[in-house]
Amino acid sequence: MRKKIVAGNWKMNLTLGQAEQLINDILQAGLRLKEGQEVVLATPFPYLLKAKSLLKNTPGFYLAAQNSASEKSGAYTGEVSAEMLSSIGVDYVILGHSERREYFQESNATLAKKIDLALANNIKPIFCCGEPLEIRKAEKQNEYVAKQLEESLYHLTEEQLKNIVIAYEPIWAIGTGLTASAAQAQDMHAFIRAQIAAKYGREAALNITILYGGSAKPSNAGELFACPDVDGGLIGGASLVAADFQAIISHL
Ligand code: 3PY
């Protein structure tokens with residue numbers, strides 16, 4: 001049975017005090033996760049260690065970074081390596097979010113290197129893919145996403161793929177308030193799973209977790225998560241409000 005995940009992508013938000021409060025509020029709700037369900041918090045780098053200690057190994061709760069370097073170590077001022085993240089107990093790393101691709105020119109090839117380093121350091125990549133609005137309008141989204149998968153993931157072995165989570169985030173739905181309809185999300189998730197099946201076989205495809213991201217909120221999470229190929233969500237703004245995040249988790 002594949003894992004179901006709700007991951008909160010905090011992006012560049014909150015002070016340390018606010019971050020502590022948010023984690024405490026989320027934990028205080030005493031959420032009962034079922035077997036195979038996970039909650040992942042992707043905090044800014046400076047809060048990872050604090051978040052780790054606040055989570056206190058709470059079952060089902062995991063920690064993520066929002067990025068990691070494409071190089072192993074060395075003279076890369078301002079970068080944070082996968083090895084560093086691993087040394088402080090980070091479980092997941094979000095790679096290839098559209099904001100990283102757009103504002104920091106991250107290519108599919110760069111992301112392939114980041115994925116390799118994360119895996120080599122026992123960190124599970126949450127690999128983001130998704131098309132911009134003009135590609136969706138031209139109905140070329142399948143080809144676009146297939147290329148992202150091919151160029152960043154298909155060098156991996158089947159064994160390595162077991163540690164990958166895919167997040168489909170249509171760029172036109174990020175920070176815009178627009179959400180893909182449940183049918184649009186399901187279509188793309190089924191397409192991604194079929195691509196994985198064609199490359200790695202049916203079992204690998206059935207086992208891979210595919211999250212939906214892009215303005216997911218309490219009011220639409222239920223419908224999205226009910227789709228057979230949607231295994232949870234990568235949540236932006238709504239992950240910053242404990243009550244909203246809890247409500248989304250309750251739809252898992
Ligand atoms: C959003 O929900 O807007 C996101 O970008 C999640 O990563």
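Here is a short walk through this structure, from its overall build to the surroundings of its ligand. Please keep in mind as you look around that this is a predicted model.

Let's start with the chain as a whole. Its secondary structure amounts to 12 helices and eight strands. Along the principal axes, the C-alpha atoms occupy a box of roughly 45 × 45 × 35 Å. The radius of gyration is 17 Å, which agrees with the value near 18 Å for a compact globule, because that is what the rule gives for 252 residues. Of those 252 residues, 43% are buried. The contacts tell their own story: among those between residues at least 6 apart in sequence, 71% link residues at least 24 apart.

Now turn to the strands. Eight of them form a closed barrel in the order β1-β2-β3-β4-β5-β6-β7-β8, and the pairing is parallel. On average, neighbouring strands of this sheet are turned by 25° against each other, with direction ignored. In general, strands of a sheet pair through backbone hydrogen bonds, in either a parallel or an antiparallel sense.

Finally, which residues surround the ligand? They are Asn-9, His-97, Glu-169, Ile-174, Gly-175, Gly-213, Gly-214, Ser-215, Ala-216, Leu-234, Ile-235 and Gly-236. Sorted by class, this shell has seven polar residues, four nonpolar ones and one charged residue.

Notes
Residues are numbered from 1 along each chain as its sequence is written. This is a predicted model: local features need pLDDT of at least 70, side-chain atom pairs count only at pLDDT 80 or more; totals for chains, interfaces and linings use all residues. A residue is near a molecule or strand if its C-beta atom, placed from the backbone, lies within 6 Å of it. Ala, Val, Leu, Ile, Met, Phe, Trp, Tyr, Cys and Pro count as nonpolar, Asp, Glu, Lys and Arg as charged, and the others, Gly among them, as polar. Two strands pair if DSSP finds at least two bridges between them. Helices (H or I, at least four residues) and strands (E, at least two) are DSSP runs, numbered from the N terminus. Axes are lines fitted to C-alpha atoms, for helices over the stretch in contact, and angles run from 0 to 180 degrees between N-to-C directions. The radius of gyration is taken over C-alpha atoms; the globule rule is 2.2 Å times the number of residues to the power 0.38. A residue is buried if 20 or more other C-beta atoms lie within 10 Å of its own, exposed if 12 or fewer, and partly exposed in between; C-beta atoms are placed from the backbone. Two residues are in contact if their C-beta atoms, placed from the backbone, lie within 7 Å.
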